[in-house]
Amino acid sequence: MSKVFSCFVAGKSVHSSNMLTIRSPYSGATVGAVAMASRADTDAAVAAALAFHDTPSRYQRAEILEKTRHALEVQREEFAITIASEAGLALREARYEVGRTVDVLRFAAMEALRDDGQIFSTDISAQGKSRKIFTTREPLRCAVAITPFNHPLNQVAHKLGPAIAAGTPIILKPSEKTPLVALKFAELLYAAGLPGPMLSVLLGPTNAVAEPLVRHPEVEIVAFTGSVPVGKRIAATAGYKKLVLELGGNDPLIVLDDADLDLAVTLAAEGSYRNSGQRCTAVKRILVQEGIAPEFTRRLVEKTKEYVCGDPLNEGTRVGTVIDEASAIHLETVLKEAVAAGARVLIGGERRGALLQPTVISNVPRDCRMVVNESFGPLAPIITVRDLEDALTLANSTAYGLSSGIVTTNLNSALKAIRTLRCGTVNINEVPGFRVESSPFGGIKDSGLGIKEGVIEAIKAYSYVKTFSLPW
Ligand code: NAP
């Protein structure tokens, strides 16, 4: 299925002899190649966005998004195979991701049609007058989006869909590890009628593409999803512009003694292993209360056997590779460090190339790297806690603050967790990653600036509110 792709400047293919080859993390086979962009292409993309004034109407924007959704539904399987091939994710995960992207497009089209203005009467104060103030949202002149390798289609859709709904021209810099599905998605958008200058897709050396885009004084917003170090570097270099930073996570799943044990085990396994554990909101620490810990651990080990790890394109596979062998080796190192500090591997732990078996680890010390930092892979570290208080203190103890889950049948415990956890989301009896594509999503502390994404919030980010008043 190897194919040659190219970057796009304002809807036109970039011609270049500088090619990036994408290989399957599982087999090493070539999946595709991309003609890369240059610094001149980057400048041309910004110039084209700034020069574009012919913003499509709300109806036209909704139509573009809806036509793209239809086309994606028709090509659902082809897109899923591309994701599974370039990212190493199990085909069933890739299909799920395409389904989420369909939702993003549907919700963005709905929002494009929704009037977002407000009206304020001004004769409501002693100082007032008989006038009315109205608000309307205006597009920004040029947005930049930078996306990570995990969820390589849905992350891209969460940037492009809302920008299009807002009428804002956008330049996308997808991950070099998974660019093919992003370029295929751009092809669908152009075919659905998106004006070329409203979207450029660029890949190339960081100093020729990403950095000039981030620093560009006329780019009005940088929306970045990725790691904490890169996000903080962007915050330090972007200058005077809007920033949306969706960064790493180290999400806890708290399991209390009164939990429904079957539910807790299912959530722990799904949260830890889905997408090969490579979700910003994956369960990265399982904090289990003492009384339930032995039985929970025994059942999680049993459950883990259902998560068959192997060839991403096999129908029976539930866990594919992580993004590359280097990442799998890093996870193996983190695992060995934990074992050296007293942890026990109860199942999994074996690595073959970029494949890492889903792994349950018990007796994990609270200060080891696996607990303190983000481990982006199918690891399920169990840490025993005394009580709710202990669990909440430990949950809040890392630098991250993205999301969380708590499994309990006690409403008071649930309410206390919602009030106490310092993070963007608290899900009761659900995985931290539970959401719908239009609900507000994003973290605090090192996980983000507290500015949310999700289709509705992102549309606000890609636009500004203009206020005008009229005599009335
Ligand atoms: P990453 O290494 O930070 O890369 C993300 C993007 O930034 C890539 O497109 C990368 O380009 C680009 N980049 C690298 N250096 C840059 C620079 N100096 N300036 C501007 N852009 C630069 O992250 P990743 O490894 O792809 O993704 C995994 C991380 O993303 C995890 O930490 C995960 O938790 C986080 N994440 C967060 C969320 C959320 O919503 N909070 C969602 C998903 C993932 P290249 O590909 O060219 O290096």
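User: What makes you link the lining of the largest pocket to domain 1 and domain 2?

Analyst: First, a caution: this is a predicted model, where local features need pLDDT of at least 70, side-chain atom pairs count only at pLDDT 80 or more, and totals for chains, interfaces and linings use all residues. Residues are numbered from 1 along each chain as its sequence is written, and side-chain values use heavy atoms, with hydrogens and water left out. Now the pocket: its lining takes at least three residues from each of domain 1 (39–247 + 448–471) and domain 2 (251–437). Those bounds come from an automatic or database domain assignment.

User: Why is it called a pocket and not a cavity?

Analyst: On a 1 Å grid over the protein atoms alone, a cavity is a set of points where a 1.4 Å probe fits but cannot get out, while a pocket is an open set with protein on both sides within 12 Å along at least five of seven lines. The largest pocket has a volume of about 1100 Å³, that is, the space filled by probe spheres set on the points, which are joined across faces, edges and corners. Lining residues have an atom within 4 Å of a point; there are 44 here, and the closest to the centre are Lys177, Phe224, Gly226, Ser227 and Val230.

User: Which element gives the most to that lining?

Analyst: That's H8, with 6 residues.

User: What makes E13 and E14 a pair?

Analyst: Two strands pair if DSSP finds at least two bridges between them. Strand E13 (residues 251–255) and E14 run parallel and are joined by 5 bridges, so they qualify. Leu253 stands opposite Ile286 in E14. Ile286 also has a bridge partner in E19, namely Ile382.

User: Why is the β-α-β unit called right-handed?

Analyst: The unit is made by E13, helix H9 (residues 261–273) and E14. It's right-handed because, with the strands pointing away from the viewer, the path from the first strand over the helix to the second runs clockwise.

Technical notes. Helix = DSSP H or I, 4+ residues; strand = E, 2+ residues; numbered from the N terminus.
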